[in-house]
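Please keep the sequence and the model open while reading.

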Amino acid sequence: MNRATPATPQTPAQRARATVTAVRPNLVTVQLDDGPVARNEVGHVCTGRARLKAEVLRVRGRLADMQVFEDTRGVRVGDKVELSGELLSVTLGPGLLTQVFDGLQNPLDALAAEHGVFLPRGHAAPPLPDRTWSFEPVVREGVRLWPGDVLGHVMEGRLRHDICVPFDEAGPVQLGWLESGRCDVHAVIGEIRRSDGSARALHLAQRWPVRRPLPQRLLRRRWAEQLFPHAPLLTTIRLIDSFFPIARGGTACIPGPFGAGKTVLQNLIARFAAVDVVIIVACGERAGEVVETLTEFPQLQDPRTGGSLMDRTVIVCNTSAMPVAARESSIYTGVTMGEYYRHMGYDVLVIADSTSRWAQAMRETSGRMEEIPGEEAYPGYLDSSIRALYERAGIIRRRDGIAGSLTLIGTVSPAGGNLEEPVTQATLASVKTFLGLTAERAYRRCYPAIDPLRSWSRYHQQLRAWQESELGPEWPLIVERLGGLLRDAQRVAQMVQVTGEEGITEDDYLLWQRAELIDNIYLQQDAFDPVDVSTPLARQREMLVLLAEVIDVQPEVAGREALREWFLNLTALLRDLNCAATGSGAFLQCLQAVRILLAPQRTTSRE
């Protein structure tokens, strides 16, 4: 593609310059010399041979506070600062998948190849790979287009990657020309003309500010539509899909103490959830856990395609050992890329691990700026920042009727497992599914360690029509009934801790054994068993119906020892059933053994 663009060159905006007047860890105060400056504008602090990337946080007359995304050692009063005139942005285009970025969208593999494992300050690398793509247009020259409309596509692995009219255009444009063929992301593939006569060259990639929701202007101008989530995000984790569902395009949080299994749970969700693209944001986690994710994901097989799980995954990595400012920006980088793939009509899952470290980065920056602190020294805008983050999830439908979803799941790491601390409470007020991990269940090796009595989902009524249509009208009733049984059994379990088994009635003992059965064979799942690790929804329904039948049975055995033995035998059979492939000989044999055990028993009437 070497066709010349007849666009008239535009006069570049005047870029402001500034001088450093004060230096604090990851924060500098600058005196503006000339030119305008905006909040969230990017600049570079020039110290020695390094140019350290920074972002304007606050403007006070001719003074501005900037957070530096690098170590500020060596920065001195009097150092020059060059402002770019651009807000903190990411590059959106083909080649994002399979990449591992830092919080500023620098590909870590490319930086390591050039500089080694110890990355020097002030260095950056192009975010998209240096390769060519085969572009196929889908519109004709002269057609009238709107921002976000599809111009054509390239194939990014197994996904069709749509190339769109730049999202930052102010209004409708006319397509001047568009060419097909192989090109890289820097080549000019066409041109659009605005209503004022100016022209703009088109590329495979475009830039977008990370702190501004990508569909914001499209929704405001009604060039796109936000839809109400009506279907669940299927994770194949029984406890989540059945009892605490997450809507596709919804929000959820996974708080829990250290060692409760947050990392394993989020990896299972990322691997088996029914989504097209997975974006994992490691914002402030320990380097060891992030290294585990980086080494495991390329080795894992994608259950949807049979290829590598990394083929549809993007990882944004900013560990607790990396600069605080970059940790704070990493989550916005990941969500913006998720919004980009959602606009193409894909179902996207963004997992942020953990938002507690992200909030701590905001607290450190706020403290250095000497802002008035809120609860536990977090900034007063903590609640609004968390709410604005989760509001970027949802289902968006383009002008051509294609819809995509972005589901946002954030893990929270409260100190000591205290769920009353500000980050957890602000998150619970923003999400609609709460999957609370507890140290007690993790200590008992009940994995996933989601406490069924503390967790909740506000999507039950929202998803009820879908569940009744796809799973039958009895599904919500069975789930409500089993959930009520678990709550009633909790009262009995607390009494047993005080009085022992002898202090409860026979009926309460039977209720307790039934609840233990549900917990052992349905709420718990073996992440290392090739069958039990993932339970499709159809099999979940079969198991749940079987459980409803089991709890209606009155075992015809005498004495509590015999009753316990009966439930132990039934639990062993059902665990073997969980680990047997559907329809296999072992599966049918276990199912027959369960039926034989239940056959001579007496069925009770439901309350």
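Strands β11 and β12 (residues 159-164) pair in the antiparallel sense over six bridges. Helices (H or I, at least four residues) and strands (E, at least two) are DSSP runs, numbered from the N terminus, and two strands pair if DSSP finds at least two bridges between them. The model is a predicted one, in which local features need pLDDT of at least 70, side-chain atom pairs count only at pLDDT 80 or more, and totals for chains, interfaces and linings use all residues. Residues are numbered from 1 along each chain as its sequence is written, and side-chain values use heavy atoms, with hydrogens and water left out.

How many residues of β11 (residues 150-156) are buried? Six of its seven residues are, where buried means under 20% relative accessible area, exposed over 50% and partly exposed in between (1.4 Å probe, protein chains only).

Next come the cysteines. A disulfide is a pair of cysteine sulfur atoms within 2.5 Å, and by this rule the count comes to zero. The closest cysteine sulfur to that of C183 is in C164, 15 Å away, which is too far for a bond. C317 is in no disulfide either, as the nearest cysteine sulfur, that of C283, is 10 Å away. C183 is buried, with a relative accessible area of 5%, and C317 counts as buried at 5% relative accessibility.

On a 1 Å grid over the protein atoms alone, a cavity is a set of points where a 1.4 Å probe fits but cannot get out, and a pocket is an open set with protein on both sides within 12 Å along at least five of seven lines; lining residues have an atom within 4 Å of a point. Grid points are joined across faces, edges and corners, and a volume is the space filled by probe spheres set on the points.

There are four cavities of 30 Å³ or more. The second largest cavity holds about 50 Å³ of space, and its lining includes P232, D241, W466 and L537. Helix α11 (residues 460-471) gives the largest share of this lining, three residues.

The largest pocket has a volume of about 1,100 Å³. Of the 39 residues that line the largest pocket, the closest to its centre are D102, L108, L111, L119 and M322. Elements that each supply at least two residues of its lining include β4 (50-60), α1 (108-115) and β21 (313-318).
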